[in-house]
Amino acid sequence: MAYLGNIGRTLQVLDKYNFNFRKSYGQNFLIDDHILTKIVDAAEITNDDCVLEIGPGIGTMTQYLCEAAGRVVAVEIDENLIPVLKDTLSEYDNVTVLNQDILKVDIRKLADDYNGGRPLKVVANLPYYITTPIVMGLFESHVPLDSITVMVQKEVAERMQTGPGSKDYGALSLAVAFYSDAKVVTVVSPNCFIPKPNVESSVIHMKVYENSPVDVPDEAFLFALIRATFNQRRKTLVNALSNAAFLNVSKDEIKTALTTMNKSETVRGETFTLEEFAELTRLLYKKD
Ligand code: SAM
């Protein structure tokens, strides 16, 4: 089977299987060989690696991954693509295709079953409708991960990489900074996909930290603070946090913490860096 990373071969496969795109599954297949090579290079895959691919589609990127990795596990929700993948990946004996919803997969078990519990490299042209739950789910579940290299909407890649002062700054930016060292690899034009998406895309590579650069007594409490802040980003930090019953912190406790941090009582949380959120966590967290 020749490589699929071009429009001619992709159309042949789509025709052969009479495939109808499902918009609800975020199906935009890559047809640019140059971009595929860039993604696989950015993921720094060696034949020692086990790669988890989310949403293989007709197997275009999977072929490249199978060439580079020791093992590939590809999770695809659309049952209509399973016979296609059986055909397009028939030359490879190092790939397993699972017909499942990635949001329901036990990735820790997957890492145990296919990689002896060692860290996986995640590589994907993500379905854009669930980018945030997929990325946050991977980080928060603490599955063993080496890196995440994914195609996302350009605007989402910007949110992932920004800091205080930008309107795009929020919980996703802070989670990416807490868990990984992230770099945008390249911007990708809609012309590199079939069908063409309405927006530009970016490939982002996130090298997952063994230990986060900031130290907190309780990660869940850090992210609860962050969530409460950005749920009411226009409010002062004192109001946003004291309004969030799930935090169980009083106005006085927050004011005292802000004084310790040399911050004004009227500061908004959206101006806080990750290190400042970590410091606030250390000051407000109560072990019970
Ligand atoms: N990797 C292929 C490529 O680059 O040409 C396809 C990428 S396409 C943007 C996203 C793929 O994710 C589609 O094949 C879609 O069916 C699949 N998908 C969508 N939701 C999914 C889910 N919840 N779990 C697993 N796969 C999903």
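Q: Is L280 buried or exposed?
A: In this predicted model, L280 sits in helix α12, residues 274–284. The relative accessible area of L280 is 0%, and the cut-off for a buried residue is under 20%. L280 is therefore buried.

Q: Is L174 buried or exposed?
A: L174 belongs to helix α8. The relative accessibility of L174 is 1%, and buried means under 20%. L174 therefore counts as buried.

Q: What separates the C-alpha atoms of L174 and Q161?
A: L174 touches Y169, F223, I226, F230, T273, L274 and F277, when residues up to four places away in sequence are not counted. Q161 is 13 residues from L174 along the chain, and their C-alpha atoms are separated by 8.6 Å.

Q: At what angle do the axes of α6 and α8 cross?
A: Two packed helices are described by the angle between their axes and the distance between the axes. Helix α6 covers residues 131–140 and helix α8 covers residues 171–179. Their axes come within 11 Å, and the crossing angle is roughly 35°.

Q: What is the handedness of the crossing of α6 and α8, and which residues make the contact?
A: The crossing in which α6 passes α8 is left-handed. On the α6 side the contact is made by T132, M136, F139 and E140. On the α8 side it is made by A171, L172, A175, V176 and Y179.

Q: How many residues of each class are in the contact of α6 with α8?
A: The contact includes T132 and E140 of α6, along with A171 and L172 of α8. By class, the contact has 7 nonpolar, 1 polar and 1 charged residues.

Q: Which residues of α6 are buried, and which residue with positive phi follows the helix?
A: The buried residues of α6 are T131, I134, V135, M136, L138 and F139. Of these, M136 and F139 also take part in the contact with α8. The helix is followed by a residue with a positive phi near 55°, namely H142.

Q: Which residues lie nearest the centre of the largest pocket?
A: The largest pocket has a volume of about 450 Å³. Its lining has 24 residues, and the elements that give two or more of them are β5 (120–125), α6, β6 (145–153), α8 and β9 (201–208). By class, the lining has 12 nonpolar, 4 polar and 8 charged residues. Nearest the centre are V143, L145, V208, Y209 and E210.

Q: Which residues are closest to the centre of the second largest pocket?
A: The volume of the second largest pocket is about 350 Å³. Two or more lining residues come from each of β1 (29–30), β2 (50–54) and α3 (60–68). The lining divides into 17 nonpolar, 8 polar and 3 charged residues. Of the 28 lining residues, the closest to the centre are I54, G55, E76, N125 and P127.

Q: Why is α3 largely enclosed by the rest of the structure, and which of its residues are buried?
A: Helix α3 has 9 residues, and 7 of them are buried, so the helix is largely enclosed by the rest of the structure. The buried residues are T60, M61, T62, Q63, Y64, L65 and C66.

Technical notes. Residues are numbered from 1 along each chain as its sequence is written. This is a predicted model: local features need pLDDT of at least 70, side-chain atom pairs count only at pLDDT 80 or more; totals for chains, interfaces and linings use all residues. Side-chain values use heavy atoms; hydrogens and water are left out. Axes are lines fitted to C-alpha atoms, for helices over the stretch in contact, and angles run from 0 to 180 degrees between N-to-C directions. Helices (H or I, at least four residues) and strands (E, at least two) are DSSP runs, numbered from the N terminus. A crossing is left-handed if the near helix is turned anticlockwise from the far one by less than a right angle, and right-handed if clockwise. Contact means heavy atoms within 4.5 Å. Ala, Val, Leu, Ile, Met, Phe, Trp, Tyr, Cys and Pro count as nonpolar, Asp, Glu, Lys and Arg as charged, and the others, Gly among them, as polar. On a 1 Å grid over the protein atoms alone, a cavity is a set of points where a 1.4 Å probe fits but cannot get out, and a pocket is an open set with protein on both sides within 12 Å along at least five of seven lines; lining residues have an atom within 4 Å of a point. Grid points are joined across faces, edges and corners, and a volume is the space filled by probe spheres set on the points. Buried means under 20% relative accessible area, exposed over 50%, partly exposed in between (1.4 Å probe, protein chains only).
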